[in-house]
Number of protein chains: 2
Amino acid sequence: MDYSFSEQTKHFKSSAVRDILSVIQQGNVISFAGGLPSDDFFPIEAVQSAYEKVFASGRSSLQYGLTEGFTPLREAIQTVMTKKGITSTVEKTLLTTGSQQVIDLFSRIMLAEGDVVLTEDPTYLAALQVFRSYGAKVIAVKGDENGMDPHDLEEKMRVYQPKFVYIVPTFSNPEAKIWSTERRQKLVELCYQYHVLTLEDDPYGELNFTNDTFEPIASFDEKGSHILYTSTFSKTVVPGLRTGWVTGPDEVIAMMSQAKQMTDLHSSSIDQQALFYIMRDFDLQSHIETLRKEYYIRMTIMRDFLNKLDRGLFKWKEPKGGMFMWIEGDEKLDATSLLGEAVKNGVAYVPGTPFYVNEPKLNTFRLNFSHSTPDNIKLGMDRLVSVLTRQVTV
Amino acid sequence: MDYSFSEQTKHFKSSAVRDILSVIQQGNVISFAGGLPSDDFFPIEAVQSAYEKVFASGRSSLQYGLTEGFTPLREAIQTVMTKKGITSTVEKTLLTTGSQQVIDLFSRIMLAEGDVVLTEDPTYLAALQVFRSYGAKVIAVKGDENGMDPHDLEEKMRVYQPKFVYIVPTFSNPEAKIWSTERRQKLVELCYQYHVLTLEDDPYGELNFTNDTFEPIASFDEKGSHILYTSTFSKTVVPGLRTGWVTGPDEVIAMMSQAKQMTDLHSSSIDQQALFYIMRDFDLQSHIETLRKEYYIRMTIMRDFLNKLDRGLFKWKEPKGGMFMWIEGDEKLDATSLLGEAVKNGVAYVPGTPFYVNEPKLNTFRLNFSHSTPDNIKLGMDRLVSVLTRQVTV
């Protein structure tokens, strides 16, 4: 039967990363492909103890909850926001099924066929999929290592009147880029001037290897009117809880809550209650320090292997945080066609192509250093460096 | 600032039930408004023990999972489906954040502005909100106590070429209606003939007060090509887990999975793993027997109070299952304007109006008998019968 799906489904694309993941889970392949945090540091005792507290609080903890989420957790998040310099309130805060749902709900209330979203290029591929699924036109703003170019951004705000700007300004996915303070401030000014909203996606901000502070763009939005800030507990606590949040202008959050009510009534209230106890009773800050230290070690191991490659042929930068390294190979490298060869040799990565808005650079790829153990990073990178070196010398 | 939300948001409406709930939670009001199961029977020990098993299985249980959901739970659901006579497979089964998300994802892949959905009238109001949020036109099919009228259904399939039919055929919300076997079979035949899909929403099927079996409509779809069946653990285990599922044609489920991947990557995998252990180790069947018995007792208490009303002025039927009673008062009754008076007297219900597709019957309202304790049902119904009697005699 022809199921005559809606027009919207023509924009659907399965995630290339997920497709690769499903293949490589079957073999003896060391994968640097997924954007997974390390299982090794999951604070399972703290998580278990938090759930015990949920059940000890009685049967009503298992009942339906509010669409906006468990209020005490929304309150606890205010402390985090204040520390980051973001002015928020419980009413301006919505809990979601991961920050992926924030991207979807915000798109749902903002976008219709033909609307424009401005992004970096390359950028988070699952965000691109969402924007396009609503029929939006994604336009890339030119940029450099300090963020979007303000002149091009202004020009594109003026010409395209975008519905919003989407950015990952701190340890970005895939490039591990950090926006400069100047560019952050300038973005807010331009948002005010051209009446454009920005969704600041910050899943990696806490995974900071430096002593520098990178203030969220939302902290420069003193009116609290134009920047939505979203983050998640997936990278700092555990992904299986699927809990993210967004904070932003009341009117926008209220509309997103209405959309969420239709979408799924509310996210798991048991998980949200457990997270509240984790935030109350567990030293999350020192846990994050551990993650920073350990992920830094993993990154340096990966870096040392990459140093074996010819720097004339492979360009990359040491990341200052996050979970990814982004490599641009020689012009002749086709990272997608080389993936088969890599997998045959027991190692996987994600080709850069799906992250691009415009013409993709076929010679780019992304490596994740957070998920694999140091030993597996050594093993996998040894394999990868061999494959890359052979490729280049062919 | 004018946030220029998308056109779609013009169709958004907050749920009247939820708005009432948020008001009455503040007072000493006994509420028969919400569609809540009873906290009293939540199997909290079984739930707690299941989470302990999740954590005992190790850190990897807290990692990201598959969009389709935790495979062993999808396998366990096959046993339930087989018992109901529904031919399904793991691949045809998607886990969601409650069955509300099934309604949303299915609408998302099927509906565009102007598309037609056929429903009963009245029907589940949060489904109507979803369909309309996608710009669909909802057309009501005429019906009686046995389900949709087959002639009107056929006529409307022919004339409107709907994208799908949406029904709650067993202990429906709000009317507690049960479709006859004949009507169930006829619907499948018409779906085949006119190439129309049906979404069968069955949250209440297990809450059966009789010894009769009501076979799901999906069990008559021998081709497995036209009927999607959705249910949830919210009414049989606990709502806070937010776990529902849908089973249907491979191609449709695959498309819904793609939509889900964009929406939230996946629902809580910790909750899904806990549910797997509950299904494996807990006697869910005998727990459901308890719910049947206890909800039946609560319903009879409510019924006995309704029997005090003038049967010439108030029409209602004793439900054979589910969680609701549906009452049609005298023509002069305006259930919406009377609600304020009821709340002042310490009792709440949901006016029937938002459940209607066409012209609402203002004199209807819905009572939930599952959530309140027997004592509170007595207290609340005493108040309600007074308010209703006074109203009628004014």
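Colleague: Why is C191(A) called buried?

Modeller: Buried means under 20% relative accessible area, with exposed over 50% and partly exposed in between, using a 1.4 Å probe and protein chains only. C191(A) sits at 0%, so it counts as buried. This is a predicted model, where local features need pLDDT of at least 70, side-chain atom pairs count only at pLDDT 80 or more, and totals for chains, interfaces and linings use all residues. Residues are numbered from 1 along each chain as its sequence is written, chains are lettered from A and ligands numbered from 1 in the order in which they are written, and side-chain values use heavy atoms, leaving out hydrogens and water.

Colleague: And what makes C191(B) buried?

Modeller: Its relative accessibility is 0%, so C191(B) counts as buried. For chain A as a whole, buried residues make up 64% of the 394.

Colleague: How do you know how many disulfides there are?

Modeller: A disulfide here is a pair of cysteine sulfur atoms within 2.5 Å. Searching the whole structure over all chains turns up zero.

Colleague: Why does the radius of gyration of chain A agree with a compact globule?

Modeller: The radius is taken over C-alpha atoms, and the globule rule is 2.2 Å times the number of residues to the power 0.38. With 394 residues that rule gives a value near 21 Å, and chain A has 21 Å, so the two agree. The C-alpha atoms fill a box of roughly 65 × 60 × 55 Å along the principal axes.

Colleague: What helices and strands does chain A have?

Modeller: Chain A has 12 helices and 14 strands. They are DSSP runs numbered from the N terminus: helices are H or I with at least four residues, strands are E with at least two.

Colleague: What stands out about the phi of R242(A)?

Modeller: Most residues other than glycine have a negative phi, and most peptide bonds are trans. R242(A) isn't a glycine, yet its phi is positive, about 50°. R242(A) lies in the loop between β9 (227-232) and β10 (243-247) of chain A, and with a relative accessible area of 3% it is buried. In chain B, R242(B) also has a positive phi of about 50°, and at 3% relative accessibility R242(B) counts as buried.

Colleague: Which peptide bond involving P122(A) is cis?

Modeller: The one joining D121(A) and P122(A), with omega about 5°. P122(A) is in the loop between β3 (116-119) and α5 (125-133) of chain A. In chain B, the bond from N173(B) to P174(B) is cis, with omega near 15°.
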